[in-house]
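Open the model in your viewer and keep the selection panel at hand. The tour goes stop by stop.

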Amino acid sequence: MTVAAAARTESAWAALKEVLDPEVPALSVVDLGLVREVIEHDDGLEIVLTPTYSGCPATEVITRSVLDAIDAAGLGPARVTMRRAPAWSSDWISAEGGRKLLEYGIAPPGPVLVDGAVPIRIVGRRQAAVPCPRCGSARTERLSAFGSTACKSLHRCLDCREPFEHFKPI
Amino acid sequence: MSSSIKIPATPELHYLLRLSDTCLILGQRLGEWCGHAPILEEDIALSNMALDLIGQSRALLTLAGQRSGEGYDEDQLAFLRDEIDYRNPTLAELPRGDFAFTVLRNVILSTWLKLMWERLHDSSDAELAAIAGKALKEARYHQQHAADWAVRLGDGTDESRRRCEAALATLWLYTPELFEDDAVDAAATAAGLGPAWSQLREPWLAEISEILGEATLAIPGEAAFRSSGKRGLHSEHMGYLLVEMQYLQRSYPGGAW
């Protein structure tokens, strides 16, 4: 890679760090681990994204915002390609992303438990308590397995009584 | 554009369509609950699951369009086929019924889909394997949610139990179709595309037995009836579903927003 190309991809990463997720606007697409690669080609930049959920309605908006940001930074032409494998994991959210989620009032995901042969648990299943993002109490309960977007569930703190969202570990 | 498209009769394409249409049609049925579920949390849950299913179906239909050699896109395949060219098993298209019916159908189909995605993750088709890797995570979550509700309702009040038993008696009639093989399965296994559907039967029954056991619901006996949606011969409910689903693209060809 030439020096100019390296500088260009670096600038692209910097521009992408400013592209906020439309559904969790506290985090950038880089914080979320959606941007997998920025590749310099002869005919322009290729931004490789991995979508979070199959049905995530934000995917199209994100693609457009990414291209707009590259244009605004004067780094075009560019194109976005989708890479499905390996599937996106909440483990890809950066440490900084986790902090931003917490500040925004969303409990960040814990580590994804051993992927693969996790049996369904019906008997005696205990949800690990998600700490309240507001007061830090571990005395919380899950209200709903599904939340306002595909990536979140809904919880309530039993101490400060505030409801809050939790980014699901997947 | 609003006239129907025809699907080449290749077994590999039919294998993909059987799966894409299961997701599409079940997603359409779950979407019908939006604004009608018994509690707000479930309204959100069913709409969320519908979104996942439709997202999975979009990926599969795009792939099927590429493999068809006809250049069809996901929208054409979703909205412009005639009934006989939809290949979902009949179970997916049955009317949504009451909440117990929807929960138990989700138990049956999310377990089946989870096992299917696990196996398709090793498909010789890299794109299909990638779609499966993503969908598997979602199907696991759906299955856990459906199982939780099955236990709550089956081992619940007299009324919830009565409704579960009635739902299961109907749903069970349509389950043999999920495990019967034909030339499509033979071609898919030969090509390494994915498992023959019969291979899912044993692990499916083991997981279903565990869930229904905990829900204190008995597994119904096997009936002689066989449904045939995956060969394009659907129940009387399918036409009504398609009329609603296809209306916009048929009336406003190529409409986008």
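**Stop 1: where the chains meet**

Select chains A and B together. In this predicted model, 19 residues of chain A are in contact with 28 residues of chain B. Colour the chain A side of that contact by residue type. You will find 14 nonpolar residues, 4 polar ones and 1 charged one.

**Stop 2: chain A as a whole**

Chain A holds 3 helices and 7 strands. Follow the chain from the N terminus and the elements come in the order α-β-β-α-β-α-β-β-β-β. Of its 170 residues, 36% count as buried. Now consider the contacts in chain A between residues at least 6 apart in sequence: 55% of them join residues at least 24 apart.

**Stop 3: the sheet in chain A**

Select β4, β5, β6 and β7 of chain A. These 4 strands form an open sheet, in the order β4-β7-β6-β5, and the pairing is mixed. Which strands stand at the edges? Pick residues 106-107 for β4 and 140-144 for β5 in chain A. Each of these two has a single partner strand, so one side of each is left without a neighbour in the sheet.

Next, zoom in on β6 (residues 152-157) and β7 (residues 163-167) of chain A. The two run antiparallel, and 5 bridges join them. Show side chains for A:His155 and A:Phe164. A:His155 stands opposite A:Phe164, which belongs to β7(A).

**Stop 4: helix α2 of chain B**

Bring chain B back and select residues 40-68. This is helix α2 of chain B, with 29 residues. Is α2(B) enclosed or open? 22 of its 29 residues are buried, so α2(B) is largely enclosed by the rest of the structure. Step just past the helix to B:Gly69. There the backbone takes a positive phi of about 75 degrees.

**Stop 5: helix α4 of chain B**

Select residues 99-120 of chain B. Helix α4 has 22 residues here. From first C-alpha to last, α4(B) reaches 30 Å, close to the 32 Å expected at 1.5 Å a residue. How many of the 22 residues of α4(B) are buried? The count is 19, so this helix is largely enclosed by the rest of the structure.

Conventions. Residues are numbered from 1 along each chain as its sequence is written. Chains are lettered from A and ligands numbered from 1 in the order in which they are written. This is a predicted model: local features need pLDDT of at least 70, side-chain atom pairs count only at pLDDT 80 or more; totals for chains, interfaces and linings use all residues. A residue is buried if 20 or more other C-beta atoms lie within 10 Å of its own, exposed if 12 or fewer, and partly exposed in between; C-beta atoms are placed from the backbone. Two residues are in contact if their C-beta atoms, placed from the backbone, lie within 7 Å. Ala, Val, Leu, Ile, Met, Phe, Trp, Tyr, Cys and Pro count as nonpolar, Asp, Glu, Lys and Arg as charged, and the others, Gly among them, as polar. The expected span of a helix is 1.5 Å times one less than its number of residues. Two strands pair if DSSP finds at least two bridges between them.
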